[in-house]
Structures are given as structure tokens and as C-alpha cells.
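Hi,

Here is the structure I said I would pass on. Have a look at it first, and my notes follow below.

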Amino acid sequence: MYKIIKKQILSSSIKLMEIEAPKVAAKAKAGQFIIVRANETGERIPLTIADSNKNTGIITIIFQEVGYSTLELGRMEVGQSVTDFVGPLGKPSEIENYGEIICVGGGIGIAPIYPIAKALKNAGNKVISIIGARTKELLFWDDQMRQISDELYIATDDGSYGQQGFVTDILKNFLEQRKQIAKVWAIGPVVMMRAASNITKAFHVPTIVSMNPIMVDGTGMCGACRVAVNQETKFACVDGPEFDGHLVDWDLAERRLNMFKEEEKVILDKKLWR
Amino acid sequence: MPVQKATERVNNFGEVALGYDEKMAVEEANRCIQCKKPTCIKGCPVGVKIPEFIQLIKEKKVPEAVSKIKEKNSFPAICGRVCPQENQCEKYCVLAKKKAPVAIGRLERFAADYMLDNREESYEVPSDTGYKVAIVGAGPAGLTCAADLAKLGHKVTIFEALHVPGGVLMYGIPEFRLPKNIVKTEIENLKKLGVEIELNYVVGMLDTVDELLEQGYNAVFIGTGAGLPYFMNIPGENLNGVYSANEFLTRTNLMKAYDFPNNSTPIKVGEKVAVIGAGNVAMDAARTALRLGAKESYIVYRRSQEEIPARHEELEHAVEEGVQLKLLISPTEIHGDKNGWVKGMTCINYELGEPDASGRRKPIAIKGSEHYFSIDTVVMAIGQGPNPLVLKTTPGLELNKYGNIVANENGQTSKQGVFAGGDIVTGAATVILAMGAGRKAAKAIDEYLKTISNN
Ligand SMILES: Cc1cc2nc3c(=O)[nH]c(=O)nc-3n(C[C@H](O)[C@H](O)[C@H](O)COP(=O)(O)OP(=O)(O)OC[C@H]3O[C@@H](n4cnc5c(N)ncnc54)[C@H](O)[C@@H]3O)c2cc1C
Ligand SMILES: Cc1cc2nc3c(=O)[nH]c(=O)nc-3n(C[C@H](O)[C@H](O)[C@H](O)COP(=O)(O)OP(=O)(O)OC[C@H]3O[C@@H](n4cnc5c(N)ncnc54)[C@H](O)[C@@H]3O)c2cc1C
Ligand code: SF4
Ligand code: FES
């Protein structure tokens, strides 16, 4: 059993939890994820390792309540334990000193971009971070991001915080002004990663995205997490989750995420609590 | 053997074959003529003393019969259900020449079930030898190896990637063929021997094999199975509604999607399901599809009925339940609707040529025979390969051209102190062969431990 040590409500739908998992914490690297199962009847859901601490043995996860399983996890409290917590899974990010890099985190994508930006900063890069959300209420960890970034830019769709607009607008401006950007990491909803990749492609800047397909085992056993990259089928859990954003088949990624839409409605209707 | 009626069982996940009662078992046991030179044993990969245990059933000494079986096979309740007996012991039974062979598998199952139902088995935990062995993977190979090593007094820890132990027995083979409670009971018995099982532990991502050795394990057994689904690499394979058999069966069996939404993992099955392939895995998927509500379920296979590799009993049960066979055809492309969901596939006809290396007649595509097959779910059950997570992180481990571990008949790999067995060595095979490999490796590991200094 893996105990919840801390719970923090970052916004109406976004929650942070610190979970005791010393073995996972000892091995976790930026870019990797875990799979959590809240209870005996629960789904296995993949979540990025937002932070980890070898000394305390704690893993931080941040998740957005989008369907039944994340809502159920979000209802758990400090002191309770999740039944299963497996990781670290996926390939770590390739951290090197590239020079000047941009980290774009959209919405819940701020959680996965943080450890990567931190690792890139520690590797000596100049880190320019762009984070954003629909509205101020949904934006979190701007302080943490500021600490590890050389420059931080913030966007909200409605202008309630930072600049008004999308993170991709800021990204585009940036690339127009500064040509020396070595690499871009863009993580967030598929639409955002797709837009970011389209922009960087025009400027020929290598771009890494983190795919978030539906998963089951997370070890390369089931093939549920198939994505197409450069027309080749890859399993995101073991070949990724990071891929070259310029080569990803985005239409396919979007379609596969909708596979269980109807079932999601069924479970939300049938298993309502309160 | 009594079975659930086909029309009823397609609506539930309860076990299909109901098993003998004592009267039936004794009656069947009485058919065995107790050959002086029993041929049946030769057909058994682990050499169960078949006539001896059957004799004990005749005498209604069921606990003794089980002990006799367990001298060679640690998990008879499982093997009695899933072994391909018609190709093993029963094939070689002398009675098979004239009439039906003795139903050895069913007798094995009867005896094992009787014990599970009626008696707590007692376990003697032997004194500790001080040696520690790590087992990677809790499938039949790993579990058997663990059981044998524990009985010899070694300290055994099994590391399993999933949240339950059992391997394919839990995530692949459906409840209606192998009730999960049986596997669970067998594993509980194993724990009584002192074996520890660490779940949610992906070797290669957490510790590597080398790190386990550094941490003080004196030997490591790798039994990670054939857990990499193959696809055909045809257009349309990533459409919504195309599953690997592993995903389809894992969602259903391990995650209990058949009981959605009581269990939170969903599965979506259309009205017309095509399962590509005709092995046990394919039969399980096709029958599962019907139980999940599909109106039509097809086995699509590019050879003829004669070459079908699934167990006879499973094929028979599948057909009784309404699974339809589409033989001598294979898909070349899967088509989707505008939302990206499967709506049909193009198939091509095959004819059979001369026997190939496998001894089976080689399927040859007939040019110009393409035709459309309307379908809304596809399950790929064309085989599995070795999952590379452990292999890639274990330097010095020799692999063959298929990516399987090279090991000698005792399971010794190219790396000192590292043994392997089961599907990871042989490629996808059978439960009993995996168990046999686990057992041989345990013996070799025991011998190996005696050669190293005990610290
Ligand atoms: C490697 C990886 C890392 C991830 N990291 C995070 C993270 O750090 N924080 C976080 O909030 N989420 C993360 N996700 C997404 C998260 O796993 C899903 O949001 C979650 O599984 C949805 O579960 P649910 O039952 O609550 O919703 P569901 O009822 O399953 O789905 C609700 C909605 O979410 C969509 N959806 C379903 N599965 C996914 C998925 N895997 N990714 C995106 N959308 C999905 C569905 O299409 C649907 O619209 C990650 C996914 C992957 C593969
Ligand atoms: C659907 C289906 C039906 C079948 N039906 C039959 C049948 O009727 N009769 C029969 O004899 N055979 C049948 N088989 C074949 C049989 O199940 C296999 O041959 C047998 O299970 C192989 O055993 P194993 O121990 O080698 O591997 P597995 O059973 O595959 O177990 C391997 C275990 O290792 C774990 N693992 C993998 N990687 C790691 C890692 N990195 N770290 C930790 N753990 C890891 C896996 O999670 C798994 O639990 C069937 C197979 C399938 C898929
Ligand atoms: S060959 Fe058949 S009849 Fe002879 S001992 Fe074996 S099971 Fe009995
Ligand atoms: S989640 Fe099963 S293969 Fe990736």
C-alpha cells in the first residue's frame, strides 16, 4: 500500500498528492511516469512524476479530474493509501546541455514540464518557460517554475493572469525574435502539443512532446498505447512517452483518446457518489 | 464431463466445464488398465506418475492421489484445466488406439479440486539455507521455480510487474476456463512456503537483474513470458476498435471489464467481432467477445481447420457457443469510418501449398481474391514475442534472433547465476512446459548455490 502523505488542491479540478513510494522515488527521472490504481476495483491510470525525492521517498503527482477514475483518486485523503503504484515507467527525457531551450507547459502539462525544466536547468541550459491555462484559477506552480527558469512567461486564454492568449502565441513570438533556440519541449493537451509542433516545425526547431494515450499495463504488454511516429507504430509506454513532435500522427492520437467516451459517460452516471 | 449449456454459458463468465464428482471420477479411473509399461507418462512434459495417481483415485484415496501428482506437478488444478492433454498424456494412452483414452486431465483436475475444496494443506517450511534467489515474473515458470526452491530451504522473492501474480493465468486465460480463485489459492499456498511476492515491481525499470545480484541475491531466475503483442503491420491497424489479444483479455480478465461499471476499466465490443488467428489466445478472445455482448464472433485464419493450433476442446466449445470460423482468409487492410472506428476489412483468400518448416502446409495467397468483410471490432491474436524490458537492461545476456533468452536445458543462461525458463526462452508455448522449465531451473539453481560460498 502506498500512503498519501500530502494533498493540495491547486484549483477546482486539479489536485496534487505526495505519495510514499521509496523504491520508485529512488529511481525516478525526469520524463517518466507512474501507474496508479486507487482501489481494488479501480482502473490503472498513468500520471507523470511531477517531482520526486530520493531522501524522503516521496513522489509528487498532479492530476486533473476529467473522468471517474481521476475524480475517485481526488476524493482520497491524507493518511489513506492507494492500492497500487507502479513505476518509474517510460524512457527518461534526454537531458543534455543544449544551450538555450524552451519548455512549454499547457494546463495540466505544467506538471510534467516542471521536472524536465528542472533537470535541463541543472544540466546547464538556459531555460525559458512558457506556461498557460484557460484561466488564472487553473494555473498552478508558477512559483516553482519561476525558481528553475531563467525566464518565465505566462498566458491565460481569458487574460485573467499573465498575457492573454495561448502558450503557443508566446512560443511563436519568441521564435520570431530569437533564432538560437536549440530545442523545445511542449507538453499539454494534444491540441496544444500539435499546435506547438506546427509552429516549431516552421522554424526548424527540434521539438519533444509527451504523448498521453490510453494505457493499461504501461510495460509494453498490451499495445493499447499505440501512437504513430514517422508512420511507424510505437508503444508510448516503453518507446516514449516523449517523441519528436514533428513526426507524430496527431489525428490518430486524438481519435484514440476518444475510444472509451461512451463508457466514461456510463460510469459517471452509474457510479455517482455523495 | 458435465459442462454448462452453451446457450447459457455465453451469457456468463462462470466456468464452462464443471468437473467430475467422485462417482464419475472413480468410474473413469476404473477404465485405466494400469499398464505395466505406461505410455501415458512419456507424453507428460513433467512425467507425472499417471497410473499411480489414477490407482489412488480408484481406491478413493484422493489426498494421496494429489500428493502423488504433486511430486511432479505443483499446480494440478491449473494443469488439469489448461494442458493440451490430447497432444500429451492422453495421446499416448493405450486405450486411445481403440476407443477414448482415459481422461487423465479431468482426473487430475478432480483430485486437485477435491483438495482445494475439502482440505487445508499443511506445509512444512524447511530450515533456511541462507541463500537468496530472486525470481522475475510470477507466471507459471516463475511460480514453479519459486515453489521448488522454497521447498529446498532457499529464501525466494518473486518480483512481478503487474498488481497480481499469476502471469497469463490471471491476465490472459479467461475466468470461464480457469477460475481466478484457483490460481489465487495456489499462490496463497506458495506463500505458506515462505515465498515473498513483490507486486508492482517492474524489473529493469526499478532494479535491474545486475542490481538484484548486487543486493545479495545469489541467483536470479527470469520468467517474464511472451508479453509483447504482435501486429500485422497492415493499414488501419491503429483504428479505434482494433485491440491486441493481450489488451482485450487483460481488460476483461485482470481488470474485470466484464463487470463494468462495478469495476472501472471499460472495454468496448461491437456487434461483429473478427479475431485474427486460431490459437488458444484467439479462441479465448472470440469466446470472450460473445460474453461481452457481440452478436457475431469470427475466427479469421489463413489455414484450414486441420491446422488450427488451439486445443480441441476449446475449439469445440467455441463453435458450440456460436463462434464462426472463417478459414483460408486473412485481412490485408482494415477500414474505418469518418470518426476513426473500424467498419470493415479487406480479406484475401488463401490455399494450402506444400508443408513448410513447421510441418504445416504453407498458406499461399490467391491473387485477385480480395473481398470486403464488414466488421466493427478486430482482435489481433497472431502471437506474442519476448518483452524487452528486462532483456535490454541485462548486459551479457545472450538472446537468439527472435529476441528470446538463450538458455541450456537446465535454464542456465550466458550469464553466471542467471537462469531463465518458460515462454521467455521457448517463445509462446504452454503452461506445463513453462512449469517444467521452472522446475528444471530450480534444480540447477540449487546445484549452483552449492558451488558458491555461503555468506
Ligand atoms: C504517460 C502519461 C502521463 C500522464 N500524466 C498526467 C498527469 O500528470 N496529470 C494528469 O492529470 N493526467 C495525466 N495523464 C492523463 C491521465 O492518465 C488521464 O487523464 C486519466 O487516465 C483519465 O482517467 P479518468 O478515468 O479520470 O478519465 P476517463 O473517464 O478515462 O477520461 C475522461 C476524458 O479524458 C480523456 N482521456 C482518457 N485517458 C486519457 C489519457 N491517458 N490522457 C489524456 N486524456 C485521456 C478521455 O478521452 C476523456 O475525454 C497522463 C497520461 C499518460 C499516458
Ligand atoms: C490467452 C492465452 C491462452 C492460453 N491458453 C493456454 C492453454 O489453454 N494451455 C496452455 O498450456 N497454455 C496456454 N497459453 C500459454 C501459456 O499461458 C503460457 O505458455 C505460459 O503462461 C507461460 O508461462 P511463463 O511463466 O513463461 O510466462 P507468463 O505467464 O507470461 O508470466 C510472465 C510474468 O512475468 C511478468 N513480467 C514480465 N516482465 C516483467 C518485468 N520486467 N518485471 C517483473 N515482472 C515481469 C509478467 O507480468 C507475467 O506475470 C495461453 C496463453 C494466452 C495468452
Ligand atoms: S496408458 Fe492409459 S491405460 Fe495405460 S496406464 Fe496410462 S492412462 Fe492408464
Ligand atoms: S500500455 Fe500496454 S503496451 Fe503500453
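The shell around ligand 3 has 9 nonpolar residues, 1 polar one and no charged ones. Its members are B:C32, B:I33, B:C35, B:T39, B:C40, B:P51, B:C93, B:V94, B:V102 and B:I104. Keep in mind that this is a predicted model.

Next, a pair of helices in chain B. Helix α12 (residues 245–254) and helix α13 (residues 280–291) have axes that come within 10 Å and cross at roughly 50°. The crossing is left-handed. On the α12(B) side, B:A245, B:F248, B:L249 and B:T252 make the contact, and α13(B) brings B:V281, B:D284, B:A285, B:T288 and B:A289. Sorted by class, that contact has 6 nonpolar, 2 polar and 1 charged residues.

Two other helices of chain B are worth a look for what they bury. Helix α4 (residues 62–70) is mostly covered, with 7 of its 9 residues buried. Those are B:V62, B:P63, B:A65, B:V66, B:K68, B:I69 and B:K70.

In helix α14 (residues 312–321), the buried residues include B:E313, B:E314, B:L315, B:H317, B:A318 and B:E321.

Cheers

Definitions and conventions
Residues numbered from 1 in each chain as written. Chains lettered and ligands numbered in written order. Predicted model: local features only at pLDDT ≥ 70, side-chain atom pairs only at ≥ 80, totals over all residues. Heavy atoms only, no water. Axes fitted to C-alpha atoms, helices over the stretch in contact; angles between N-to-C directions. Helix = DSSP H or I, 4+ residues; strand = E, 2+ residues; numbered from the N terminus. Left-handed = near helix turned anticlockwise from the far one by under 90°. Contact = heavy atoms within 4.5 Å. Nonpolar A, V, L, I, M, F, W, Y, C, P; charged D, E, K, R; others polar. Buried < 20%, exposed > 50% of the residue type's maximum accessible area, 1.4 Å probe, protein only. Near = heavy atom within 4 Å.
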